[in-house]
Amino acid sequence: MPEPHDPYVRVRGAREHNLKGVDVDIPRDVLAVFTGVSGSGKSSLAFGTIYAEAQRRYFESVAPYARRLIHQVGAPKVGEITGLPPAVSLQQRRSAPTSRSSVGTVTNLSNSLRMLFSRAGDYPPGAERLDSDAFSPNTAAGACPECHGLGRVHRTTEELLVPDPSLSIRDGAVAAWPGAWQGKNLRDILDALGHDVDRPWRELPAEQREWILFTDEQPVVTVHPVRDADRIQRPYQGTYMSARRYVMKTFSDSRSATLRAKAERFLVSAPCPACGGSRLRPEALAVTFAGRTIAQLAALPLVELADVLHGTSPTARVLTEDLRSRIAPVLELGLGYLSLGRATPTLSAGELQRLRLATQLRSGLFGVVYVLDEPSAGLHPADTEALLTVLARLKAAGNSVFVVEHHLDVMRGADWLVDVGPRAGEHGGQVLYSGPPEQLAAVEESATARFLFDRTPAPVREVRTPSGQVKVGPVTRHNLRAVTAEFPLGVFTAVTGVSGSGKSTLVGEITEDLTGVGRLVRVDQKPIGRTPRSNLATYTGLFDVVRKAFAATDQARQRGYGVGRFSFNVAGGRCETCQGEGFVSVELLFLPSTYAACPDCGGARYRPETLDVTYRGRNIAQVLDLTVEAAADFFADTPPVARSLGTLLDVGLGYLRLGQPATELSGGEAQRIKLANELQRGRRGHTLYLLDEPTTGLHPADVEVLMRQLHGLVDAGHTVVVVEHDMAVVAGADWVIDLGPGGGDAGGRIVAAGPPAEVARAQGSVTAGYLARAVADS
């Protein structure tokens, strides 16, 4: 029986995902780092087990009625956990982005700024004091009535609605109208109203064109459709809707992303003429502080805002000091280039997590476990040092900090290391080591130990000679001011710089239209699918080949089963109880909804008759359950499948299951699947590959595998451009473009460009010192 004051969190029998009955003891009140190769099970231990159990215990103490209102996770698969304090999770998952969510709302800084204007702002003579809500664009009291607090209005023009004025209405001049019957209906109504639908658009009188496109009237007329010989069509009452009204209604009301995207093509977005893009009512904009409106202060980078906030009256002094103390941790985490008005959807997952971390620093919680998911993701080495300081402060405040991390500097700064492995997927799931970092060196099977302690210099690689160059710019966007860059072709280029220096903006300007680019492929970290129906096999096209193999078996042919029979997305061969999902949602009134294996198919997704058909002794469900590694052996003599699986193995994804849902894949895994998909295609001609931080979420051992593939592409005559913070990757590049020197307005220019050894000596570059160390090690 543990002591009442046992200083350890003790986990016994953890079996979540690939964990193999793990027993581990982790001290409280320390900075503990969970590490291991990608897919080894470290997140399953830190988040899926320790955090999930802490959250479950918290919900147990909440009143049953309130429990229904909270999204709950189910109980983790674990024997027991003792010594576990309450936990706070800071993950990189972003909630559904909304244009109303901003840096100010995420950090609660907007509330403090609104209070400052309400209580201590300079009001026009005779103006009534406003409540703090009146300074928010997200409330009826504060939002500009014209744009409803969005700051932009959507308008359309004749040129957008009618791109080809030589066409008649019957021939489709009004491109914005819907297709099929609805479009024909609007044309027939216009005909009934007396408009000439067979005359070229440009020959119609201007007032008629204006009315057809922009009227708000909705006349109802009797339409006598042209009779087809094979069917009788009766007259009907038709209501007219102008092209603008149709586009605006579709854009604002439609739930179909496709229809909304189509409508958006006919709209131009412009700053609201009433509020000038500030999103607020005139009454709120008439109030100033330090000579500026709240909209002007919200547009300033936080580092500048902190300098502006100096209170004069006692009330103002209290409020400005509070605001500056809240801004301080955000600046400390290297996010001073952000403004309060910056929309959340434009932030990276790493920036969003660090903003939440800054908010936690102010919360003053004591005795909790903070569980963080790769807080160094997307951080320049200079910002990683600041991050370690912040984590140390959380610990010093009397908390335990558990971090899932791949960054070697964060591991070196830890008090305790938990190394999970030895490899990924079913070859992982064991705790190889739990203890002080320096003793990991003795653990032979640890992939982490080799990178943490091995000082053997990497083999020197010859810098390649470019075959040409692509000129980008001059670019003036975000914080870039007329920047021109030259990207060499036929080599590996790394774009570096501190967070917010303009790297992604610059690389985003590379398009296929530029001379020398040829084919352009962007490999990003966006999910490969948003539902569990999308998986590794469906995305890579593997599933089509596998289903054809099953349909070609004698059993399938005898029963008349086609390829569709082996799909779990359409009726026929799938289990209809769970509609091919493999699980059903079980509603428990006061407990979290839980997912249970389908009672009919037991999670197999298919009907028993479909599962009777086997290919080499396995049914379709068993094949989907194979790992990429096992499937490569199984399909070794099926060339299309073997090639596809081979590329997945080459990028280090042998541990994933073929049927693994897209929703279970990390951003790094999704990016490598896309890269594998690209690698298996026959490449003709030159291709330029663009990757934004491809090593995010990757263990150094996985980075090696990925770099081998990317350098292989360059050796085959292609060009690779990466935005990267990992100095080991940058040191192995042929060319480096360093932006800076700072973030936001302090950045946005090219500080240095050249081979890594040259950039490592550049004056005025924040990157140079860190790169010099990596170049010396290589």
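How do the residues of the lining of the second largest cavity divide into nonpolar, polar and charged? In this predicted model, the lining comprises 5 nonpolar, 6 polar and 1 charged residues. The legends below begin with this cavity.

**View 1. Lining of the second largest cavity.** The volume of this cavity is about 30 Å³. Its lining is formed by His 380, Gly 497, Val 498, Asp 738, Leu 739, Gly 740, Pro 741, Val 751, Gly 764, Ser 765, Val 766 and Thr 767. Two elements, β22 (735–740) and α30 (766–777), each give two or more residues to this lining. Strand β22 supplies the largest share, with 3 residues.

**View 2. The open sheet of 6 strands that contains β22.** The strands follow the order β17-β20-β21-β16-β22-β23, and their pairing is mixed. At the edges lie β17 (519–523) and β23 (749–754), each of which pairs on one side only. Neighbouring strands are turned against each other by 15 degrees on average, direction ignored.

**View 3. Pairing of β22 with β23.** These two strands pair in the antiparallel sense over 5 bridges. Asp 738 stands opposite Ala 752 in β23. Asp 738 also belongs to the lining of the second largest cavity, as does Val 751.

**View 4. The largest cavity.** Ala 176, Tyr 246, Val 247, Thr 250, Leu 259, Lys 262, Ala 263 and Phe 266 line the largest cavity. The elements giving two or more residues to this lining are α8 (243–253) and α9 (257–264). By class, the lining residues divide into 6 nonpolar, 1 polar and 1 charged.

**View 5. The open sheet of 3 strands.** Here the order is β2-β1-β4, and the pairing is antiparallel. The edge strands, β2 (22–27) and β4 (80–82), each pair on one side only. From one strand to the next, the twist averages 5 degrees. Strand β1 (residues 8–14) pairs with β2 in the antiparallel sense over 5 bridges. Within this pairing, Arg 10 has Asp 25 of β2 as its bridge partner.

Notes:
Residues numbered from 1 in each chain as written. Predicted model: local features only at pLDDT ≥ 70, side-chain atom pairs only at ≥ 80, totals over all residues. Heavy atoms only, no water. 1 Å grid on protein atoms, 1.4 Å probe; cavity = no way out; pocket = protein on both sides within 12 Å on 5 of 7 lines; lining within 4 Å. Helix = DSSP H or I, 4+ residues; strand = E, 2+ residues; numbered from the N terminus. Nonpolar A, V, L, I, M, F, W, Y, C, P; charged D, E, K, R; others polar. Points joined across faces, edges and corners; volume = space filled by probe spheres on them. Pairing = 2+ DSSP bridges. Axes fitted to C-alpha atoms, helices over the stretch in contact; angles between N-to-C directions.
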